[in-house]
Every structure is written in C-alpha cells, then in structure tokens.
Amino acid sequence: MPYKLLFVCLGNICRSPSAENIMNHLIEKAELSDHIVCDSAGTGGYHIGSPPDSRMTYAAKLRGITLTGLARQFQVEDFDNFDLILTMDRENYRDVLRLDTANKYLERVRLMCDFCQIFDVQEVPDPYYGGSDGFDYVIEILLDACEGLLNYLINQKKVI
Ligand code: 4NP
C-alpha cells in the first residue's frame with residue numbers, strides 16, 4: 001500500500017494544490033511514485049470544483065511545476081483515508097482537528113512548515129488577497145517543506 005499524503009488549505013485553489021503538485025514532482029524525481037500518493041483539499045467549500053488559481057498556476061510554472069486538480073472540501077472520511085494530513089496554517093490545522101470529534105487523529109495532522117529545512121516559518125501564508133510576490137513566496141516555502149517532508153518519509157522508513 002502506498003503512503004498517502006493529504007495537503008489542506010482554506011480554498012484548495014492556491015497553497016494545497018501547489019503543495020500536492022510540488023510533492024508529486026519531487027516524488028517522480030525520486031522514483032517513488034509507486035510508494036507515495038498525494039491529494040489536496042480545502043477546509044472551506046467556496047471553490048469546490050474550481051481549478052487552481054491562475055496567479056498560483058503562473059508562479060508554479062515559473063519553477064517548472066504544472067498545477068493540476070479541482071478543488072474539493074476536506075471531509076471526515078479523509079482522516080481514515082490518509083496517513084498524514086499537512087495543513088498550511090494554524091487556522092487550517094484547527095479547522096481540520098475540529099472535525100476529529102473523538103480525538104483519534106491528532107498525530108496524523110501536522111503543520112506543513114514543520115518540515116521546512118531552510119525557511120524559519122510556522123505557516124504558509126494565504127496569498128489570495130495579496131500581490132504576485134505572495135504567490136512566489138508560497139512556492140519557495142513549499143519547495144523547502146516538500147523536500148523536508150520527503151526526507152522525513154524516507155528517513156522514518158514510511159516508504160519502501
Ligand atoms: P488557499 O487560498 O486557501 O491557499 O486555496 C485561498 C483561496 C480562496 C480564498 C482564500 C484563500 N477565499 O477567501 O476565497
């Protein structure tokens with residue numbers, strides 16, 4: 001069984017689809033596609049069915065990453081369907097764990113920035129209402145965090 005990662009933000013059109021596609025890019029480079037699978041979701045439902053934001057898509061493309069997928073909302077079943085749930089900011093973290101009414105899944109939910117190796121930040125900031133710099137910054141943080149996450153999964157023998 002592959003190890004399953006779910007990336008979660010608010011709208012599932014900016015940060016979490018970027019994380020998903022950056023992670024898939026690194027997984028393919030590491031030839032681990034049979035061992036790790038990725039998905040993403042939003043805590044909110046405003047953008048269900050939408051493709052990634054065009055500004056985010058542009059910023060990702062500048063770094064050689066193509067954004068794919070359509071937005072969906074996080075659902076309680078995701079706790080059982082994924083091994084690790086990576087949230088982009090503290091609000092996403094709280095909103096996900098609020099749905100864990102029996103307090104069963106605390107260890108399965110993490111902040112994405114816990115895996116940063118270069119950036120000293122706790123959150124991936126919401127770029128939605130800001131300028132293009134914010135989108136570039138999201139990509140830079142996520143490239144760092146995804147590298148760190150992949151190293152963690154290999155070192156902790158979660159894959160292979
Ligand atoms: P995301 O960005 O959570 O990174 O997908 C946002 C997208 C949409 C909204 C907020 C953040 N919104 O308020 O509609």
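Student: At 14% relative accessibility, is Cys38 buried or exposed?
Tutor: In this predicted model, local features need pLDDT of at least 70, side-chain atom pairs count only at pLDDT 80 or more, and totals for chains, interfaces and linings use all residues. Numbering starts from 1 along each chain as its sequence is written, and side-chain values use heavy atoms, without hydrogens and water. Buried means under 20% relative accessible area, exposed over 50%, partly exposed in between (1.4 Å probe, protein chains only). Because its relative accessibility is 14%, Cys38 counts as buried.

Student: How many disulfides does a search of the whole structure find?
Tutor: A disulfide is a pair of cysteine sulfur atoms within 2.5 Å. The closest cysteine sulfur to that of Cys38 is in Cys146, at 7.8 Å, too far for a bond. For Cys9, the closest is in Cys14, at 6.9 Å, also too far. The search of the whole structure finds 0.

Student: Which residue in E2 is the bridge partner of Cys9?
Tutor: Strands (E, at least two residues) and helices (H or I, at least four) are DSSP runs, numbered from the N terminus. Two strands pair if DSSP finds at least two bridges between them; E1 (residues 3-9) and E2 (residues 36-42) pair in the parallel sense over 7 bridges. In E2, the bridge partner of Cys9 is Gly42.

Student: How many of the 15 residues of H1 are buried?
Tutor: Among the buried residues of H1 are Ile22, Met23, Leu26 and Ile27. H1 is largely enclosed by the rest of the structure, because the number of its 15 residues that are buried is 11.
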